[in-house]
Amino acid sequence: MLELILLALALPLVTGAATMAVRPPVALKSVNIFGSLLTGAVLLWIVGKVAFGGKFVSDWLYVDALSALLLLVVALLSMSATLFSASYMERELNEGRIKLGALQRYYLLLQLFIFTMICVLVVENLGLMWVGVEATTLASTLLVAFYFNRSALEAAWKYVMVCNVGILFALLGTILLYYTQVSAGGTGGEATALSWTALRAISGHLDPMMVKLAFVFILIGYGTKIGLAPMHTWLPDAHSQAPSPISALLSGALLSCAMYVLIRNLIVVQGALGAGFTHYALLIFGLFSVIVAIPFVLIQHDIKRLLAYSSVEHMGIVAFGLGIGTPLALYGALYHILNHAVAKSALFYLAGTISQQYGTKQMMRIRGLFAAMPGIGAMFLIAVLAILGTPPLNIFMSKFIIIMAAFQSGMPLLGGALLLLLAGVFAGMMYYCTRMVFGVAPAHFVRTAVGIPAMTAIALSVSWIIITGLYLPFWLRQILEQASLIVAGRG
Amino acid sequence: MQFLAILLLLSAFLLTRTTRLKSAVHILVAQSVMVAVACASGGLETETTHMLVAAFLTVVIKAGLIPYALFRIVALLEHEREVNPILGPNASSMAAAAAIVLTYATIDRTLPGVLSRDAIATSLALVFIGLLLIITRRQAIMQIVGLITMENGLYLLGLSTTRGLPLIIELGIFFDVLVAVSVLVILTYRIKSSFRSTDTSILKELKG
């Protein structure tokens, strides 16, 4: 197992180094597809071993079902994003939007970005998780700024500034948590300092007042990175200005990784405080994120900004599920992380393909998708229906579980409010979606074939959306069940 | 420690008053050196080598590499200065003073009689003043200086409450800070060449 984890960490770096060594676009493409598929395969192997063999523990590395779930997200998305990049960036290059040298920079940063996300998920220590989350911001900033035009620079500046300040608050919270650990006499040397397992073991002895203070800073800090309102201001800009494969990774994988770190901290905090305070905080932030996202979804013109606000909404739903806190709700929240990641990344790939074909991201100027590109149009419709929670697609299942848990645990008002808000989102997004999908394509529309790697990535993601709505394989159910036990503090 | 705390607070005050980018970086160097001295003296007192290593790294990274990168870019920006900040020098100094009073009051209330009272109060004040600079200053360089001030404050907080985080985590943080500043400097270069200015208030195209 240790070898596998080290291999998963080394592969993106090796691929990055190989990217530096080659220059022709075709070679760059093949090296990166090969590298990412290999990384993904190793990650899936780790996930399988955890599902069937249990967790892996060592001094600094730690992989249990919770990390395995997120490793699954990163594995799926890094494979599909690299496949999609191959076609997408090739077209950007051919149409002269980027230069040859920029392509190399793109792939190098992509591999570094994947590497930092894997780092966050396999380390055992809350301090190192912080270091990893900060590193993900830094690796992705230059990808957000990739086109180096005015709006990309603006988005990147806001992204790095807001997330850095946020993450420094998380560091403040982490230092306070360490202080409580030291005060409780829980450090037997360097190895246990801020160690997650050590902290969880003594969480009952931590000073509750100090832990509460630490949690406030941790929630605000990682909440910024997760995109919970009102700290979400960087998110629509960064998601809309980054190249589409990167938007998919930011929204599907990066937000989920930040959520993962928050959950790890949450488990320790709940051990010290009990559930009340953290649950209220998460419910408030979660519901508020959904409320804030809705008007922006309704009045949006830019398709990628629309998807970005939908990410704020979905992270809000996950936080809401964590805030309900019953085993069922936790299961739903974790399941929702996975579902959202796959569906949202598919949507960003589709949005990228569509905006390349139409030459615009303005939804008002996109018409007749189904007539112009039947395959893409149909998959776009399915993915939008999925993200809105239409049965029997995967997100319906997780949203249903979360809302059912809300009603079951005596919060019918909150559950009802969430249902109502989701209905609003449904109406808004379906309005734009039907306008884009149906109707007649513009007269000047020239259809260009979508590259095979991109089609593969999109088709596989959409099939995943359909299949996991109807049927969850045994190993995945196993991971989800174990992971929700871990979040409940009983794993 | 009291003497260092006063000097550190003085540096933060000066940061709220300066409008010239170059002087801001000079003050930042002085501030980082003071943090390193605090760290080294703590290390000598408790005879822990890892604090000495951390002090050395602070000097190399925060008083060496980072200011070097900042000075290089500031030399290019000779006509740039902080004009028309959201809070002027007088108002920000007042806010900084209020932050210091507030942090002392908070500490006396939550941790009465704690030994490292001055150090904790100073570090929290540095965090707040750094945040103040980021929020109220328009120049990119000033915001970067604010960010490092915040980081210095947090570093000092870790030092004074728990004698510093474990070395491996601290190494990670140092590395992150270094990369963060490199990324920010690259962005600042690009903003300068695209917008002909590093006044970040012109970054307002993306809305809604």
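Colleague: How many helices and strands are there in chain A?
Modeller: Chain A has 19 helices and two strands. Both are DSSP runs, numbered from the N terminus: a helix is H or I over at least four residues, a strand is E over at least two. By the way, this is a predicted model, where local features need pLDDT of at least 70 and side-chain atom pairs count only at pLDDT 80 or more, while totals for chains, interfaces and linings use all residues. Residues are numbered from 1 along each chain as its sequence is written, and chains are lettered from A and ligands numbered from 1 in the order in which they are written.

Colleague: Why does L194(A) count as buried?
Modeller: Count the other C-beta atoms (placed from the backbone) within 10 Å of its own: 20 or more is buried, 12 or fewer is exposed, and in between is partly exposed. L194(A) has 27, so it counts as buried. In chain A, 61% of the 491 residues count as buried. L194(A) sits in the loop between α6 (150-183) and α7 (196-201) of chain A, and its phi is positive, about 60°, although it is not a glycine.

Colleague: And why does N84(B) count as exposed?
Modeller: N84(B) has 9 C-beta neighbours inside 10 Å, so it counts as exposed. N84(B) is in the loop between α3 (49-76) and α4 (89-110) of chain B, with a positive phi of about 55° although it is not a glycine. Most residues other than glycine have a negative phi, and most peptide bonds are trans.

Colleague: Where are the cis peptide bonds, then?
Modeller: One joins A229(A) and P230(A), with omega about 0°; P230(A) lies in the loop between α8 (208-226) and α9 (234-241) of chain A. Another joins P391(A) and P392(A), with omega about 5°, and P392(A) is in the loop between α15 (374-387) and α16 (394-408) of chain A.

Colleague: What makes you say α12(A) is largely enclosed by the rest of the structure?
Modeller: Of its 22 residues, 22 are buried, so α12(A) is largely enclosed. For the span of a helix, you expect 1.5 Å times one less than its number of residues. For the 22 residues of α12(A) (303-324) that is 32 Å, and the end C-alpha atoms are 32 Å apart, which agrees. Next comes G325(A), with a positive phi near 80°.

Colleague: Why is R190(B) called partly exposed?
Modeller: R190(B) has 19 C-beta neighbours inside 10 Å, so it counts as partly exposed. R190(B) belongs to helix α7 (167-195) of chain B. Beyond its neighbours within four places in sequence, R190(B) is in contact (C-beta atoms, placed from the backbone, within 7 Å) with F148(A) and L153(A).

Colleague: How many residues of chain B are in contact with chain A?
Modeller: 33 residues of chain B are in contact with 35 residues of chain A. On the chain B side, the largest share, 14 residues, comes from α7(B).

Methods:
Two residues are in contact if their C-beta atoms, placed from the backbone, lie within 7 Å.
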